[in-house]
Amino acid sequence: MTGTGELSTGVALVCLATAAWLAGSGWHSGARRARRVFADGGTAGTGPPTVRLVTDKLRCVRGRLRPEWWSLTVGVALAVLGHSVLPVVAGAAGVPVLRRTRLAGRARRARERRRDAVIALCGVLAGEVRAGRQPGEALLCAAHDSGGLGDAQPAVLAAARFGGDVPGALAAAARQPGAEGLRGLAACWRVAVDQGAGLAAGLDRLEGALRAERDQRSDLRAQLAGARATAVILAGLPVLGLLLGVALGSDPLGVLLHTGAGLGCLLAGGFLEGLGVWWVSRIVRGAESVS
């Protein structure tokens, strides 16, 4: 029979898991739906303004609280439940790891957006050249339409407008992560200007090659989805084990945090957990780098 202490611990863990889930897209979409419902009025009184005020405040707090700080929050909650400072230390140690993961994901998405913008730039530029525009004028129009030059757009546009070294500016812009395709554009531009070759034909071939490379990366990412899911499941197994222990009527936090054998199992399990996640992540990164 589960005692009162075990039941309260289990309820607290379930509440923590629910709060972490609500902190993601589910809560955000719910708040967005609530704002849409009450945006056009509704019942008289202070209801709709109050709802909008509360949701805006919660959104502001959520925007300032980065996801990695949930690690420390969960650590503090587990420290209160388990009457130990070890969860706080573990939660604090997880903050920089989660921050690095979040920033790496942001950089990866930025690279993908820049690659797509470069592909769009090549397509629009080829169309402008076929329409009869001069290469410099076509580049000015295509850059404004696609935004594929990124932070280096002012330098490239200045070179195109005033007769500067456009291939050199494009090669410098290609140093941005994800903009490597601009090197091919610089080569096409140099060949077309110096030797009179068709710029549109070279841009078509370049666009096709960049699209094929993007499709290959997408296929590889789909094939690696299983490995990523394995890493996520592996990271969530300790929480499942704690909930299962509470459901069976035991006190897993007390055993792990206040007994010698529990501390040993906690250290060994944490080491093996981190090693497993690192190994799976290394496999995924190695496969992506080969592509």
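Colleague: Is Trp279 buried, partly exposed or exposed?

Modeller: Bear in mind this is a predicted model. Trp279 comes out partly exposed, because its relative accessible area is 45%.

Colleague: And how exposed is Trp278?

Modeller: Trp278 is also partly exposed, at a relative accessible area of 44%.

Colleague: How many aromatic pairs does the structure hold?

Modeller: There's 1 aromatic pair. Trp278 and Trp279 form it, with ring centres 6.0 Å apart and planes at 50 degrees, so it counts as tilted.

Colleague: Switching to helices: where does H10 kink?

Modeller: At Leu237, by about 35 degrees, shortly before the proline Pro238.

Colleague: What span should H10 have, and how far apart are its ends?

Modeller: H10 covers residues 225-247, and its 23 residues should span 33 Å at 1.5 Å a residue. The end C-alpha atoms are 31 Å apart, which agrees.

Colleague: Which residues of H10 are buried?

Modeller: Ala231, Leu242, Gly245 and Val246. Just after H10, Gly249 takes a positive phi of about 90 degrees.

Colleague: What about the span of H9?

Modeller: Its 25 residues, 199-223, should span 36 Å, and the end C-alpha atoms are 36 Å apart, so that agrees. The buried residues of H9 include Leu203, Glu207 and Arg217.

Colleague: Last one: where does Val193 sit?

Modeller: In helix H8, residues 181-195. Val193 is exposed, since its relative accessible area is 53%. Val193 and Pro167 are 26 residues apart in sequence and 9.8 Å apart in space, C-alpha to C-alpha.

Notes: Residues are numbered from 1 along each chain as its sequence is written. This is a predicted model: local features need pLDDT of at least 70, side-chain atom pairs count only at pLDDT 80 or more; totals for chains, interfaces and linings use all residues. Side-chain values use heavy atoms; hydrogens and water are left out. Helices (H or I, at least four residues) and strands (E, at least two) are DSSP runs, numbered from the N terminus. The expected span of a helix is 1.5 Å times one less than its number of residues. Buried means under 20% relative accessible area, exposed over 50%, partly exposed in between (1.4 Å probe, protein chains only). The bend at a residue is the angle between axes fitted to the seven residues ending there and the seven starting there. Rings of Phe, Tyr and Trp (its six-membered ring) pair if their centres lie within 6.5 Å; planes under 30 degrees apart count as stacked, over 60 as edge-to-face and the rest as tilted.
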